[in-house]
Amino acid sequence: METTHRVFVGDSRDLAAIDDASVELVVTSPPYPMIEMWDELFTALDPAIGDALESGDGRAAFDAMHAQLDRVWAELERVLVDGGIACINVGDATRTVDGSFRVYPNHARVLEAFESRGFDPLPDVLWRKPANSAAKFMGSGMIPPNAYVTLEHEYVLLFRKGGESRGFEPGADRRYEAAYFWEERNRWFSDVWTEVQGELQALGGGNGGEDLRDRSAAYPLEIPYRLICMYSAYGDTVLDPFWGTGTTTLAAMCAGRHSLGSELEEPFVELFDDRVPDIPALSRSVGRTRLERHREFVSSRREAGKGFEYEADYYDTPVVTKMERGIRLREVEAIEALEAADGDEYGYRADHVPLSRE
Ligand SMILES: C[S@@+](CC[C@H](N)C(=O)[O-])C[C@H]1O[C@@H](n2cnc3c(N)ncnc32)[C@H](O)[C@@H]1O
């Protein structure tokens, strides 16, 4: 099986290079409005944003920043198929503007934007990030009433385009082979994610260093990898219109899906080439980690005195449900850069084989 991955250097407010109804899944994390690291970028997209910040009008700046994101959401509506899913990772911002501290509720504004475009909101995920510092508390220390709650979570907002789910032909291999294990379902479809800093993140760490990760606000590999496994089948195409360092494409490669991306900053895109040689080993580790975790689950379930009714077709392991039998993980065997269609496009072709048993 072969997948293709294309990245456009450009502005996602216009995704003209991507056809209507050609994408099954969007997984992305935009620049968060009212987080200072993105002020310059938003001001470049609309100079009125800089003026609003300078004049101390935080609410006007927040609205104008979201107006820029709205243009990207409009493009997503165009390129997604009916029943396609959009997964938007976003956090709220706290900020003092003109002496006044408040929260800017990005998640609520994004939810409103998608709903007003006719998307159906689906139950979302709260991604709880690890708390590690006592110095994080804001406000007046131990005296009431002017201290503030510290934000230590982000959202993964989920939307379906149109009122109906996607259909597949009965028994479609590309869907059944993309099944996930029962215990993965229990963890992934829980509404609070706490353990995302797991092994897959360490595996995805080789992206040119912490500096790049900080500058790009990259998310851990496990976030897009889970979402891709949850909401797409083999053969589907995943789009990230705020591509950054390409974590979504990396996850799509590991998961055996096609991908598309669009990113304003060419240096981020160029750096992806450095990660390419590691992708076959990364994809194998991701698959093997899943199998190892499943075998640990099998042992603990047996220790608890519970049995299994089914055997997986392709792996030497029992599974809880009939639907899991067809699971077939893939690994990247080889990957090569495609000739750029023009100077602003990067592309890769990956050859996938079933994950080896050992
Ligand atoms: C939060 S970062 C995404 C990080 C990415 N998820 C990763 O793991 O590396 C947002 C990215 O969107 C890019 N960006 C912002 N506005 C854009 C636009 N209008 N078109 C294309 N890219 C944009 C920024 O340059 C930045 O790299």
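Guide: Let us begin with a term. A polar contact is a pair of N or O atoms within 3.5 Å; within protein, one must be able to donate a hydrogen and the other to accept it, and residues adjacent in sequence count only if both atoms are side-chain atoms. Please note that this is a predicted model, in which local features need pLDDT of at least 70, side-chain atom pairs count only at pLDDT 80 or more, and totals for chains, interfaces and linings use all residues. Residues are numbered from 1 along each chain as its sequence is written, and side-chain values use heavy atoms, with hydrogens and water left out.

Visitor: How far is a nitrogen atom of the ligand from an N or O atom in the side chain of Asp11?

Guide: The distance is 2.9 Å. A ligand nitrogen also lies 2.9 Å from a polar backbone atom of Ser12, and an oxygen atom of the ligand is 2.6 Å from a polar side-chain atom of Glu263. Accessible areas come from the Shrake-Rupley method with a 1.4 Å probe; for residues, only the protein chains shown count as cover. On its own the ligand has 610 Å² of accessible area, and the protein covers 99% of this.

Visitor: What kinds of residue form the shell around the ligand?

Guide: Ala, Val, Leu, Ile, Met, Phe, Trp, Tyr, Cys and Pro count as nonpolar, Asp, Glu, Lys and Arg as charged, and the others, Gly among them, as polar. Here the shell holds 12 nonpolar, 8 polar and 3 charged residues.

Visitor: How do strands β4 and β5 pair?

Guide: Two strands pair if DSSP finds at least two bridges between them. Strand β4 (residues 93-97) and strand β5 (residues 100-104) are antiparallel, with 5 bridges. They form a hairpin with 2 residues between them, and Asp98 in the turn has a positive phi of about 55°. Val97 is opposite Ser100 in β5.

Visitor: How many helices and strands does the chain have?

Guide: The chain has 12 helices and 14 strands. Of its 358 residues, 50% count as buried.

Conventions. Helices (H or I, at least four residues) and strands (E, at least two) are DSSP runs, numbered from the N terminus. Buried means under 20% relative accessible area, exposed over 50%, partly exposed in between (1.4 Å probe, protein chains only).
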